[in-house]
Amino acid sequence: MHKLSDQQLTEKGLPLEASKGRILLIACGALAREILDLKAANGWTHLDLTCLPANLHLYPEKITAAVRAAVAKHRDNYDDIFVVYADCGTGGLLQTACAEMGVQMVAGPHCYSFFEGNAQFAKTSETEITTFYLTDFLVRQFDAFIIKPMGLDRHPELRDMYFGNYEKLVYQAQTDDPALTEKAKTCAETLGLTFERRFTGYGDLKVALETL
């Protein structure tokens, strides 16, 4: 197994090892650790995994083309392919592309939704329009995905312009990690937001994968 680092998952993704399974998961690099943990815990040896760079989320208009290219590259070697992205800001284009290619994908608008459970998130999000969400990966990569792209490392005075309309940061915890929880609290303080931790585990991600 490749040695995982968050920087590699952010910038390069996770390359496919030698084909062993019958189904290929093409996933976002931000989900690599969670998927590998689920594979190991459930003995899903029929599933192989490759991940696209997590930082595609900074350019969501590029996600659909990247997924199309990955499907085209690998589809002849697998019985089936499952795309482990939600809509992720593609405005429905990824769903359309997956339908055209004849592959399934995870349901939901984004990972915050399927980690919490799409049905539950649909209910809570109606009253949480001023809430900013982080997952385990985004807590670990807070600087790379939030601070630096928004220029807050160079211009911290921009914080209130970006986050002045937010009230709360919700950390959706996939794991029980006290160090990550403390870092998430620091993230909330950095953004000037109140803090809430919700243990979601793997939510609908586990539900989707166990049907394959």
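Two strands count as paired if DSSP finds at least two bridges between them. Strands (E, at least two residues) and helices (H or I, at least four) are DSSP runs, numbered from the N terminus. With those terms in place, I turn to the structure.

This is a predicted model, in which local features need pLDDT of at least 70 and side-chain atom pairs count only at pLDDT 80 or more, while totals for chains, interfaces and linings use all residues. Residues are numbered from 1 along each chain as its sequence is written, and side-chain values use heavy atoms, with hydrogens and water left out.

I begin with the open sheet. Its four strands run in the order β2-β1-β3-β4, with parallel pairing. The edges are formed by β2 (47-52) and β4 (104-105); each has a single partner strand, so one side of each is left without a neighbour in the sheet. Strand β3 (residues 80-84) pairs with β4 in the parallel sense over two bridges, and the bridge partner of V83 in β4 is M105.

Two helices pack on this sheet. Helix α2 (residues 32-42) touches β1 (23-28), β2 and β3, where contact means heavy atoms within 4.5 Å. The direction of α2 makes about 175° with that of β2; axes are lines fitted to C-alpha atoms, for helices over the stretch in contact, and angles run from 0 to 180 degrees between N-to-C directions. Helix α3 (residues 63-74) also touches β1, β2 and β3, and its direction makes about 140° with that of β2.

Next, the interior. A nonpolar core is a set of buried Ala, Val, Leu, Ile, Met, Phe, Trp, Tyr and Cys residues joined through side-chain atoms within 4.5 Å; buried means under 20% relative accessible area, exposed over 50%, and partly exposed in between (1.4 Å probe, protein chains only). The largest such core has 67 residues, and I35, V67, V84, Y85, L169 and L209 have the most contacts inside it. Its largest share, six residues, comes from β1. C88 is buried, with a relative accessible area of 11%.

Finally, β5 (residues 131-135): five of its five residues are buried, so the strand is largely enclosed by the rest of the structure. T131, Y133 and T135 point one way from β5, and F132 and L134 the other. Strand β5 pairs with β6 (residues 168-173) in the parallel sense over five bridges, with Y171 in β6 as the bridge partner of L134.
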